[in-house]
Amino acid sequence: MLGFLKRPVVMTTDINLNVVVLTGVGLLSRLWRLTYPRAVVFDEVYYGQYISFYMKRVFFLDDSGPPFGHMLLALGGYLGGFDGNFLWNRIGAEYSSNVPVWSLRLLPALAGALSVPMAYQIVSELHFSHCAAMGAALLMLIENALITQSRLMLLESVLIFFNLLAVLSFLKFSNSQKHRYGKWVFFLVNEKKDLGIKYMGMFTYLLVLGVAAIHAWHLIGDQTLSNVCVFCHLLARAVALLVIPAVLYVLFFYVHLILLYRSGPHDQIMSSAFQASLEGGLARVTQGQPLEVAFGSQVTLRSVSGKPLPCWLHSHQSTYPMIYENGRGSSHQQQVTCYPFKDVNNWWIVKDPGRHQLVVNSPLRPVRHGDIVQLVHGMTTRFLNTHDVAAPLTPHSQEVSCYIDYNISMPAQNLWRVEIVNRESDTDVWKTILSEVRFVHVNTSAVLKLSGAHLPDWGFRQLEVVGEKLPRSYHGSTAWNVEEHRYGKSQEQKERELELHSPTQVDISRNLSFMARFSELQWKMLTLRSDDSEHKYSSTPLEWVTLDTNIAYWLHPRTSAQIHLLGNVVIWASGSLATAAYALLFLWYLLRRRRHVCDLPEDAWQRWVLAGAVCAGGWAVNYLPFFLMEKTLFLYHYLPALTFQILLLPVVLQHINDHLCRSQLQRNLLSALVVAWCSSACLVSNALRPLTYGDKELSADELKALRWKDSWDILIRKN
């Protein structure tokens with residue numbers, strides 16, 4: 001039984017020294033003088049704010065993608081002991097002594113360094129030669145733009161790392177099925193963390209998913225496998241490629257929301273319920289408010305849509321002008337607007353039309369779906385009203401006002417029907433924060449709506465509120481929720497005004513579930529419009545391919561040393577040529593195979609197709625979608641696509657050498673061209689090194705050579 005103890009336990013392992021060496025030089029190129037410059041560099045001002053929010057547990061919203069990448073950056077700050085106390089207000093600001101610059105930049109640098117040996121392994125797993133794999137790794141190593149981006153507190157290098165990891169995992173899975181379930185399931189499960197960095201990682205995920213689907217389709221047709229075996233294979237793929245990524249995606253947000261439990265500047269765009277679930281801020285105001293809105297309740301009504309900005313139903317003593325600038329007349333009634341700040345004039349009283357009292361009776365009568373109410377402005381005691389008068393800025397809608405009796409033939413029309421949009425039944429009670437309600441005018445059937453237009457100066461630039469006559473469908477601009485709520489106790493106007501100025505004091509609290517907060521956060525991220533304004537260094541996708549753009553990341557305040565995001569023109573141009581060459585060759589082979597002319601053996605053809613699907617496909621899915629995006633774009637958006645071009649380049653060169661060069665002379669000539677090309681790529685990389693690391697002062701002539709068209713001048717002067 002214990003016979004195994006009589007023999008020594010022996011373990012053997014294979015160590016690829018190429019991978020070890022590539023990892024070492026990759027670390028050296030990315031970690032060397034990592035703390036320089038000790039100043040905020042370009043988008044570090046953007047990501048640094050989020051790291052500080054994590055350190056202080058303050059909620060924030062970033063629509064660029066899931067929070068996994070931000071959490072990785074914050075992990076570096078946490079390990080370095082960062083307390084979050086730094087004002088990320090401008091590029092070039094010197095870091096204070098409490099900012100652990102090395103720790104904050106460490107994880108992106110490690111991701112950039114490990115991408116070098118990963119490129120070697122991917123080309124090897126595609127069954128190309130050791131020389132081709134080494135070529136891909138060396139190109140990743142010396143590409144200036146990749147070095148620059150990975151040495152800073154930015155997320156592109158992390159996204160590239162997980163993109164490559166996903167591809168490598170699938171290739172290892174494909175090549176390791178003969179080693180049974182344990183190994184290839186491990187590779188499959190390791191697949192999709194790039195989706196947690198930025199939403200751009202979704203395109204690489206879809207690419208791998210498509211290749212896996214084709215692989216599974218061929219697997220179904222494999223007659224050597226039993227039905228049970230095929231089912232197990234498909235089930236494992238579905239779990240690893242669909243279920244686990246979905247679980248991880250939700251898990252990232254779960255950790256994100258657990259960590260960020262305090263109110264902050266970004267939660268203003270969230271719903272009242274979401275804000276009330278955060279510690280501090282609105283939660284301090286709404287904690288313990290009465291849950292059920294009753295006749296006599298004093299409430300503030302917040303627009304659910306939050307667009308163009310969060311605001312509350314508001315009125316004040318000023319009236320609409322008698323005649324507008326365009327000559328149209330108004331009712332000259334008291335203005336009703338939507339005001340984007342907390343104010344005592346945001347308070348309204350929910351009144352029972354059949355009673356004169358403006359207080360909550362005992363026992364209280366809760367307002368239910370379908371009840372008719374009057375909304376009385378708390379400070380002026382005028383009734384919310386709408387009538388068949390054109391709105392100031394939206395003539396096809398009705399004006400909304402607070403009624404003033406001018407003793408003319410314009411009767412009050414101030415009855416509103418409460419419709420709870422998110423009700424579970426037709427007897428639901430109107431609830432504080434949780435209920436989204438529409439107010440339907442009884443006389444005209446118009447719906448109270450935030451139009452979003454800014455009123456002129458006579459309306460104090462506040463937002464217009466109208467009565468929508470024919471609402472086409474439900475929209476957030478027609479829905480309102482009670483944010484602040486108290487049961488009115490004072491019948492006299494002066495006492496009521498004092499009551500409205502005082503804070504609420506009730507002792508009941510409520511919180512949203514995680515799934516409710518997760519769902520709202522997803523919707524806000526999808527619908528939040530980013531700033532589309534032009535930037536000094538913004539560029540178009542066409543400019544990326546030709547490298548006809550760059551970004552000045554940092555300038556030394558006292559010398560001419562600086563850092564630019566500038567690619568190696570030899571590598572970028574060669575990558576584009578390789579992509580075009582692959583497309584042309586693939587189409588040529590495909591047409592000839594259609595004519596039953598097979599230029600390549602079947603195994604070489606399958607290898608060529610897979611390499612194209614992974615490398616050329618990876619370039620396409622990470623580049624072409626930018627042509628459809630209406631956002632400010634920068635050169636660094638092209639880097640994930642560039643990495644796949646770098647992988648494709650040695651693949652195309654080996655294919656030309658193996659299958660298109662018919663004689664030894666042609667192969668020798670190709671080898672000489674490759675050597676010359678590699679030498680020029682290294683020379684350009686070295687020439688651009690001062691702009692990559694920013695550790696050297698540059699002359700005026702060198703500073704002019706920032707565009708790739710002038711970079712040869714640098715090279716000529718240096719040699």
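Start by selecting Leu235, which sits in helix α10, residues 227-259. This is a predicted model, so keep that in mind at every stop. Leu235 is partly exposed, with a relative accessible area of 45%.

Next, select residues 101-125, which is helix α4. Its 25 residues reach 36 Å from the first C-alpha to the last, close to the 36 Å expected at 1.5 Å a residue. Zoom in on Leu107, where α4 has a kink of about 35 degrees, shortly before the proline Pro108. Is α4 mostly enclosed or open? With 19 of its 25 residues buried, α4 is largely enclosed by the rest of the structure. Just after the helix, click on His127, which takes a positive phi of about 70 degrees.

Now go to the loop between α1 (17-31) and α2 (44-56), where you'll find Pro37. Show the backbone here: the peptide bond joining Tyr36 and Pro37 is cis, with omega at about 0 degrees. Stay in that loop and pick Phe42. Phe42 isn't a glycine, yet its phi is positive, near 45 degrees. Its relative accessibility is 4%, so Phe42 counts as buried.

Thr381 is no glycine either, and its phi is about 60 degrees. This residue counts as partly exposed, at 31% relative accessibility.

Time for the cysteines. How many disulfides does the structure hold? There is 1, and it joins Cys311 to Cys338, with 2.2 Å from S to S. The torsion about that S-S bond is about 90 degrees, so the disulfide is right-handed. Cys311 lies in the loop between β1 (297-303) and β2 (312-319), while Cys338 is in strand β3 (residues 334-339), so the pair ties together parts that are 27 residues apart in sequence. Cys311 is buried, at 0% relative accessibility, and Cys338 is buried at 0% too.

Compare Cys229, which is in no disulfide: the nearest cysteine sulfur, on Cys232, is 6.7 Å away. Finish at Cys682, also in no disulfide, with the sulfur of Cys678 nearest at 6.6 Å. Cys682 is partly exposed, at 43% relative accessibility.

Terms used
Residues numbered from 1 in each chain as written. Predicted model: local features only at pLDDT ≥ 70, side-chain atom pairs only at ≥ 80, totals over all residues. Heavy atoms only, no water. Helix = DSSP H or I, 4+ residues; strand = E, 2+ residues; numbered from the N terminus. Buried < 20%, exposed > 50% of the residue type's maximum accessible area, 1.4 Å probe, protein only. Expected span 1.5 Å × (residues − 1). Bend = angle between axes of the 7 residues up to and from the residue. Disulfide = S-S within 2.5 Å.
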